[in-house]
Amino acid sequence: MRNPLADLALTFWLFLECVEAKKYCWYFEGGYPIYFICRSYEDCCGTRCCVRALSIQRLWYFWVLLMMGVLFCCGAGFFIRRRMYPSPLRDEPAFN
């Protein structure tokens, strides 16, 4: 049997996820409020949505440098591990 409290908590969590990803904006035109919704990475700019100019996640070189850093750290860890725990040398038969 399902727990109704867990179902309610899951529904509330999903609702918060949906609301959190949007910005609700409004302005007055002719004495009446006009409402519109912007995405999470946009700001309200008067009568429309504007993309943030300095959002670091939208810069291509941020992702390139991040991937280079991850690859460098993984590669450095591999070589450090090889130096600390070298593989034993095998005795190979002489080549005739």
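A disulfide is here a pair of cysteine sulfur atoms within 2.5 Å. Good morning, colleagues; with that term in place, I turn to the structure above. This is a predicted model, in which local features need pLDDT of at least 70 and side-chain atom pairs count only at pLDDT 80 or more, while totals for chains, interfaces and linings use all residues. Residues are numbered from 1 along each chain as its sequence is written, and side-chain values use heavy atoms, with hydrogens and water left out.

How many disulfides does this rule give? The count comes to 3 disulfides. With bonded cysteines counted along the chain, their pattern is 1-3, 2-5, 4-6.

Let me begin with Cys25 and Cys44, which are joined with an S to S distance of 1.6 Å. The angle about the S-S bond is -55°, and the link of Cys25 and Cys44 is left-handed. Cys25 lies in strand β1 (residues 22-29) and Cys44 in strand β3 (residues 42-45), so the pair ties together parts that are 19 residues apart in sequence. Strands (E, at least two residues) and helices (H or I, at least four) are DSSP runs, numbered from the N terminus. As for accessibility, buried means under 20% relative accessible area, exposed over 50%, and partly exposed in between, with a 1.4 Å probe and protein chains only. Cys25 is buried at 3%, whereas Cys44 is partly exposed at 40%.

The next link joins Cys38 to Cys49, S to S 1.9 Å. It too has a stated hand: with -90° about the S-S bond, the link of Cys38 and Cys49 is left-handed. Since Cys38 belongs to strand β2 (residues 32-39) and Cys49 to strand β4 (residues 48-51), the pair ties together parts that are 11 residues apart in sequence. Cys38 is buried, at 1% relative accessible area; Cys49 is partly exposed, at 25%.

In the remaining pair, the sulfur atoms of Cys45 and Cys50 are 2.2 Å apart. Cys45 is partly exposed at 30%, and Cys50 is buried at 16%.

Cys74 is accordingly in no disulfide. Cys73 is exposed at 54% relative accessibility, and Cys74 is exposed at 51%.

Finally, an unreviewed UniProt entry annotates residues 60-80 as "transmembrane region". UniProt positions are given in the numbering used here, feature names are shortened, and annotations may be inferred rather than shown by experiment. In the model, residues 60-80 are 100% helix and 0% strand, with end C-alpha atoms 30 Å apart.
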